[in-house]
Amino acid sequence: MKEQEYGPIPGSAILHGVSGQKTIVMAANARIATVAQGIFKAAKDTGSAVFLELARSESDLKGGYTGLTPQAFSDRMRKAAGEVQCDVWALHADHITVKTGSPSEIDQTKQLIDAQIQAGYTSFAIDASHLFDFEGKTVREELEPNIRATTELALFIKNRMKGKDFGLEVEVGEIGRKDGHGLILTKPEEAVEFIRALNEHEIYPQVLAIANGSTHGHTYDENGNVVEQLSIDIPQTRAIAQALRDNNLHVGIAQHGITGTPRDLINLHFPKGDIIKGNVGTFWQDVVFTTLKVYEPALYKEIQDWTLATYRAANPGKKDSQIFDGNCKFAIKEFFKDLYAVSEDTEKAIQAMAYAESLVFFRAFGSYGSASRVRNYLKNK
Ligand SMILES: [Zn+2]
């Protein structure tokens, strides 16, 4: 009953609802689902719209590295939202990644999408940014493989959603990709050409993920220590948003890889309104592991030992802390039962910490009160 009442709404309604505001909607990656209740409660208390998401690598038909199938993730998110009566949220499939664009890969991707739709997902991110024709003579030619795969999958979703609204994110420029000189950034003309081509095929995404200097997960200094920094290229991000506006293309920017960016800097310097969706992933995993360290030291030690034993050989010369940090996500499936059978005190601490941290994100993102704008949008649609 409650789960029905507080089920997810279309991601498109949220993104349209905040359009024109200086707001970034947080998309929280709950790869250990326990954090979700705290996030939803903070969203409810601050009137913030929110997305909950997992990527393909984290949640597929076999459970991905979180051990959660799309249905299992959906069930847990609905339950958590129902418990705290949060009503303005979307269930998002992050990074539906296509790496080769081969018929068999596209086919498997469609099976995943079917399962996500079956499980009640309301928003989808198609990521075919790996597909790039380096021999292309024009921007359009370079982007053609990405355009083709994105179009096919977006039309598939549209068809399978049978007239229901849904959120759609697409990606141009692989996030975190480097060449000899450092990170490769998306150019404004690439973003414009990509969205224009999709629009020509009657695909109208609300958000575009770009490569703008962020990377997924933590970044490290030369000693393997985690560094906090404002890694995104703000002028480039603004230039892309402006170019999209100048060309009458109605699409905002999705910022990936926010973990490690200090929130005071996000609060003061992020181009809110140009960026309309902000993905926070690894951060929530840190919340869980930080809590476990104190509340469940024996389990934490087991996870640490397993991760180091499993990944040390593949990471010669790296410090234990960095090996653990980079690979502890793969322990989530391995220790699935234990992670979801922690004591009530532990669970409370994880949720309380997730709650407090969410407040700070919602404030930094300017998203307090955004839920009522979304409700208005839905009312006046
Ligand atoms: Zn991402």
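Tutor: Begin with burial: a residue is buried if 20 or more other C-beta atoms lie within 10 Å of its own. In this chain, which is a predicted model, buried residues make up 47% of the 381 residues.

Student: Which residues touch the most other members of the largest nonpolar core?

Tutor: In soluble globular proteins, nonpolar side chains tend to be buried together. Here the largest nonpolar core holds 102 residues, and Val25, Met26, Trp89 and Leu208 touch the most other members. Leaving aside residues up to four places away in sequence, Met26 touches Val50, Phe51, Gly278, Val280, Phe361, Phe362, Phe365 and Ser367.

Student: How many helices and strands does the chain have?

Tutor: The secondary structure comprises 16 helices and 12 strands. The radius of gyration is 20 Å, close to the 21 Å from the globule rule for 381 residues, so the chain is as compact as a globular protein of that length. Its C-alpha trace spans about 55 × 50 × 45 Å along the principal axes. Of the contacts between residues at least 6 apart in sequence, 79% join residues at least 24 apart.

Student: At what angle do the axes of H5 and H6 cross?

Tutor: The axes of H5 (residues 103-118) and H6 (residues 139-160) cross at roughly 30° and come within 11 Å. The crossing is right-handed. On the H5 side, the residues in contact are Ile106, Thr109, Lys110, Ile113, Asp114 and Ile117; they meet Ala149, Glu152, Leu153, Phe156, Ile157 and Arg160 of H6. By class, this contact has seven nonpolar, one polar and four charged residues.

Methods:
Residues numbered from 1 in each chain as written. Predicted model: local features only at pLDDT ≥ 70, side-chain atom pairs only at ≥ 80, totals over all residues. Axes fitted to C-alpha atoms, helices over the stretch in contact; angles between N-to-C directions. Helix = DSSP H or I, 4+ residues; strand = E, 2+ residues; numbered from the N terminus. Left-handed = near helix turned anticlockwise from the far one by under 90°. Contact = placed C-beta atoms within 7 Å. Nonpolar A, V, L, I, M, F, W, Y, C, P; charged D, E, K, R; others polar. Core = buried A, V, L, I, M, F, W, Y, C linked by C-beta atoms within 7 Å. Buried ≥ 20, exposed ≤ 12 C-beta atoms within 10 Å, placed from the backbone. Rg over C-alpha atoms; globule rule 2.2 N^0.38 Å.
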